Amino acid sequence: GVPTAVPIPLRRNPGGLMSVIIGVGPHKATHQAVAVDDRETEIDRISVRATSSQTERLLAWAASFG
């Protein structure tokens, strides 16, 4: 079980909470990931090359959301 949404402190409003959903698009040469809030507004995105370090890079990026 990976949760579909996790409440985290809102960066621009430290007293508030928001849900973040991360979607990943795997491709042959690269993988793209996007984080959206509960209103489906894009918060951030990343593109990584498909290499042996891709998992660590994507997890480190996702960890910044709590």
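**A walk through the fold**

Start at Asp37, whose side chain reaches the backbone nitrogen of Arg39 at 2.8 Å. That counts as a polar contact, a pair of N or O atoms within 3.5 Å in which, within protein, one must be able to donate a hydrogen and the other to accept it, with residues adjacent in sequence counting only if both atoms are side-chain atoms. Asp37 sits in the loop between strand 3 and strand 4, and Asp37 is buried, with a relative accessible area of 6%. Buried here means under 20% relative accessible area, exposed over 50% and partly exposed in between, using a 1.4 Å probe and protein chains only.

Before going on, a word on what you're looking at: this is a predicted model, where local features need pLDDT of at least 70, side-chain atom pairs count only at pLDDT 80 or more, and totals for chains, interfaces and linings use all residues. Residues are numbered from 1 along each chain as its sequence is written, and side-chain values use heavy atoms, with hydrogens and water left out.

Now zoom out. The chain has four strands and one helix, in the order β-β-β-β-α from the N terminus. Helices (H or I, at least four residues) and strands (E, at least two) are DSSP runs, numbered from the N terminus. Strand 3 and strand 4 run antiparallel, joined by seven bridges; two strands pair if DSSP finds at least two bridges between them. Gln32, for instance, has Ser47 in strand 4 as its bridge partner. The two strands make a hairpin with five residues between them, and Glu40 in the turn has a positive phi of about 65°.

What about the inside? The largest nonpolar core has eight residues: Val20, Ala33, Ala35, Ile46, Val48, Leu58, Trp61 and Phe65. Strand 3 (30–36), strand 4 (42–49) and helix 1 (54–63) each supply at least two residues of this core. Such a core is a set of buried Ala, Val, Leu, Ile, Met, Phe, Trp, Tyr and Cys residues joined through side-chain atoms within 4.5 Å. Leu58 touches His31, Ala33, Ile46 and Val48, leaving aside residues up to four places away in sequence; contact means heavy atoms within 4.5 Å.

The structure holds one aromatic pair. Trp61 and Phe65 form it edge-to-face, at 5.2 Å centre to centre and 80° between the planes. Rings of Phe, Tyr and Trp (its six-membered ring) pair if their centres lie within 6.5 Å, with planes under 30 degrees apart counting as stacked, over 60 as edge-to-face and the rest as tilted. Both Trp61 and Phe65 are buried.
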